[in-house]
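Me: I'd like a close look at one part of this model, the strand pairing. Go slowly and give the cut-offs as you go.

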Amino acid sequence: MESLNSVVGSNEQIKDPHVINASDSDFLEDGMDEVSSIPFESPGGGMYWKPRVEAEFKPYLNQSFRSLEDGIEFYREYGRKSGFEIRRHTEKKHEDGTVLLKHIVCSRAGSNESKMDVDFDDFSSSSKKRRRTVSSRCGCKAKVVFKFDGLKGYNVLSFVEEHCHFLVSGSGKQFLKSNRVLGLAHKKLVFDGAKANMGPNKTYNFAKELCGSYSNVGATCTEFKNWSRDVKLYIGDRDAQMIIEKFTDKKEMSDGFFYDYAVDEGGRLTRIFWADVIGRRNYDVFGDVISFDSTYSTNKYNMKFVPFTGLDNYKKCVVFAAGLIAKEDIDNYVWIFEVFMKCMIREPKCIVTDQCPAMKQAIPTVFTEARHRLCMWHIMKKFNQKLAKCISKMDDFKRKINALIWSIDIDPATFEVGWKDVMKEYKLESNEWLCELYNIRESWILAYYADDPMTGLLRTTSISESENSFFDKFNRRSDTLTEFYLRYESAMEKQRHTNARLNYEGTKTMPRMDTPLLLERDAAELYTRTMFYEVQSEIMSSCYDMSINSISEEDGVKIFSIKDKKRHGKIFEVKHAYLNNDVQCLDGERLDYLEGKLKELKHSLCESSWKFDTQNKNDVMEFFVGSKIPAEVIVKPPIEGRNKGCGRRIVGDYEKSITQRKKKVPRLCNMCKKIDFHDARTCPLKKTIQQSDV
């Protein structure tokens with residue numbers, strides 16, 4: 001094709017209100033777009049634009065490249081700097097598959113006339129809705145043709161430089177596809193942001209703040225969304241198999257990691273359980289009392305998330321293990337309790353749950369020694385709902401009943417007498433719901449747990465509710481199982497980081513002593529700050545509220561008989577045995593050596609984990625997700641389940657009264673004396689009077 005430069009000999013610059021001419025480029029003010037093309041007028045009156053780039057970035061005839069992809073990449077870079085995008089076009093191949101000729105054209109080459117034509121019959125019909133479409137193609141002839149040249153690679157056979165359209169310049173270049181490419185750092189930012197429950201939109205805005213401006217991000221929000229979508233597509237129907245293989249790899253790396261799962265007759269995952277080394281170790285230390293509850297909306301299959309939760313030595317939530325079940329029924333609960341026992345070996349002393357009937361039957365089936373305690377909060381919140389119609393003075397009733405239910409200073413006999421007196425006073429002896437609560441009093445009233453060690457730590461499933469709320473900050477309802485577990489790991493890191501911070505803060509400070517007793521100072525060094533303040537309170541109480549009745553000795557064990565004034569003179573018996581002080585010390589040098597080797601191993605693993613092909617999409621996905629594409633899918637994803645109670649719920653009288661209270665009802669207005677939906681403050685007559693006064 002003959003160059004337009006030879007046709008338009010004078011290279012006359014055409015003044016156009018929409019074009020900044022090359023001669024004006026020296027006078028551009030700060031903030032205006034950089035000129036990226038020179039406009040020309042053809043003999044026929046048409047306009048053409050020639051890119052303005054350095055000669056080193058411009059293709060030329062017979063330019064050689066080692067491979068076709070190198071040539072295409074060179075032309076793509078040329079287009080990026082010039083302000084246009086490229087598209088692969090026609091090609092000619094040899095019998096052996098070698099590409100002999102390859103055409104790379106401007107993205108605006110060709111036309112979409114057939115798609116853009118309007119049928120006037122359809123146009124006149126107002127009942128049909130037509131999709132609004134646009135086309136970027138305008139018949140541009142700019143292109144480059146590469147020719148195979150044997151061992152030399154590929155040469156430029158033809159190069160057409162002129163475009164028949166404006167070229168993108170300045171701030172518009174950031175929206176070219178060649179400039180909208182997510183790098184590895186961007187992909188990691190999107191992926192890690194999702195672990196903190198940040199969607200693509202928030203992550204994109206955060207990236208803008210990090211980079212200084214949207215133009216510096218190097219991509220648009222669409223690319224961020226597409227990458228998040230690609231992660232889900234990478235997982236796809238292989239979700240369940242990938243999470244199983246991930247757990248298998250963890251088991252191979254650490255024998256302390258435990259997992260188990262079950263499938264239905266169709267091979268679909270129905271339940272899964274896991275616990276890592278730290279969780280199992282925490283259970284050995286803090287697992288005397290556990291709280292168990294289920295939560296919803298954590299994954300796309302609507303599987304119920306069931307963590308086993310306890311309290312650590314800072315009275316913070318600590319998760320020992322967790323699982324996902326397809327349905328809240330006896331069979332699933334029995335299975336997950338049995339697997340929990342297989343993992344942890346020993347039973348807890350007490351397990352706290354809500355009044356779920358399935359849990360009620362499943363727990364004694366598996367936990368034969370542990371006491372099953374019901375959540376007091378779930379029971380107490382029902383008092384208003386169940387008794388609103390029966391009691392006129394609800395506040396007085398709740399004050400008296402709470403004094404019995406929440407007291408730790410009374411014994412079971414005192415509670416039973418007090419309960420019956422309150423029932424008789426308010427004539428509730430025949431109330432079925434209260435009678436049922438009284439029959440199961442040993443499973444929720446504090447007086448029946450006073451002598452059981454550690455059971456005072458948990459009275460409700462509030463830590464489970466708190467932990468469920470904690471996990472909600474990391475998970476989304478649309479998460480796959482693989483994504484859910486990544487979010488779970490992120491949540492566990494935060495929980496364990498909090499524990500490490502509290503450990504550090506406890507070692508660098510010393511609390512104030514309230515007594516000169518050495519016992520108090522020893523307690524400050526032994527306990528965490530949270531527990532010390534409770535022990536300190538007990539030490540103060542022992543000084544003022546307790547007295548020793550007698551001291552005796554039996555088989556080398558001293559027995560103290562102590563009277564507690566606060567507990568109505570109750571007598572406690574304390575036994576004290578002397579311990580053998582012949583204890584071996586740990587070898588500090590060996591521990592330091594082991595710590596150093598572990599740090600070296602961690603550093604080498606971090607370095608090796610980044611060695612992969614960043615251009616291979618599957619390799620990048622595998623690096624972030626942590627799972628390869630399974631060679632064979634044996635375990636299929638679960639079927640989306642239904643939540644317990646997701647059908648039509650029966651509304652109680654208390655809820656009905658609250659709903660009715662919120663509804664607007666007609667009332668007598670003291671200003672206009674009319675019965676309407678307003679009062680004296682919002683009366684229309686008031687506004688009229690105010691306006692007339694003005």
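Reply: Start with the open sheet of 5 strands: its order is β3-β7-β6-β5-β4, and the pairing is antiparallel. At its edges stand β3 (64-65) and β4, each with a single partner strand, so one side of each has no neighbour in the sheet. Strands (E, at least two residues) and helices (H or I, at least four) are DSSP runs, numbered from the N terminus. Two strands count as paired if DSSP finds at least two bridges between them.

Some ground rules before the details. This is a predicted model, so local features need pLDDT of at least 70 and side-chain atom pairs count only at pLDDT 80 or more, while totals for chains, interfaces and linings use all residues. Residues are numbered from 1 along each chain as its sequence is written, and side-chain values use heavy atoms, with hydrogens and water left out.

Strand β4 (residues 86-93) runs antiparallel to β5, and 6 bridges join the two. One of the contacts to look for is Ile-86, whose bridge partner in β5 is Cys-106. The hairpin of β4 and β5 has 5 residues between the strands, and there Gly-97 takes a positive phi near 95 degrees.

How many residues of strand β5 (residues 99-106) are buried? It's 6 of the 8, so β5 is largely enclosed by the rest of the structure. Here buried means under 20% relative accessible area, exposed is over 50%, and partly exposed is in between (1.4 Å probe, protein chains only). On from there, 5 bridges join β5 to strand β6 (residues 143-148), again antiparallel. Lys-102 stands opposite Phe-146 in β6. Next, β6 and strand β7 (residues 154-160) run antiparallel with 6 bridges, and Phe-148 has Tyr-154 of β7 as its bridge partner.

For comparison, look at another hairpin. Strand β8 (residues 258-263) and strand β9 (residues 269-275) run antiparallel and are joined by 6 bridges. Tyr-261 has Ile-272 as its bridge partner in β9. This hairpin has 5 residues between its strands, and Gly-267 takes a positive phi near 80 degrees.

Ring pairs link a cluster made of Phe-258, Phe-273, Tyr-283, Phe-292, Phe-308, Phe-320, Tyr-333, Phe-337, Phe-340 and Phe-367. The structure holds 41 aromatic pairs. The rings of Tyr-283 and Phe-320 have centres 5.5 Å apart and planes at 75 degrees, so that pair is edge-to-face. It links distant parts of the chain, with Tyr-283 in helix α9 (residues 277-286) and Phe-320 in strand β12 (residues 317-325), 37 residues apart. As for the criteria, rings of Phe, Tyr and Trp (its six-membered ring) pair if their centres lie within 6.5 Å; planes under 30 degrees apart are stacked, over 60 edge-to-face, and the rest tilted.

Tyr-283 counts as buried, at 0% relative accessibility, and Phe-320 is buried with a relative accessible area of 1%. Tyr-283 also has a charge over its ring: the charged end of Arg-346 sits 4.8 Å from the ring centre. Likewise, the charged end of Lys-81 sits over the ring of Phe-57, 4.4 Å from its centre. The test for both is NZ of Lys or CZ of Arg within 6 Å of the ring centre and within 35 degrees of the ring normal.

One last stop, helix α15 (residues 412-425). At 1.5 Å a residue its 14 residues should span 20 Å, and the end C-alpha atoms are 20 Å apart, which agrees. The expected span is 1.5 Å times one less than the number of residues. Its buried residues are Phe-415, Gly-418, Trp-419, Val-422 and Met-423. They cover an arc of only 135 degrees around the axis, which puts them on the same side of α15. That arc is taken from the directions from the helix axis to the C-beta atoms. Val-417 and Lys-424, on the other side, are exposed. The buried residues pack against α14 (394-405) and α16 (432-439), with contact meaning heavy atoms within 4.5 Å. Just after α15, Lys-427 takes a positive phi of about 55 degrees.
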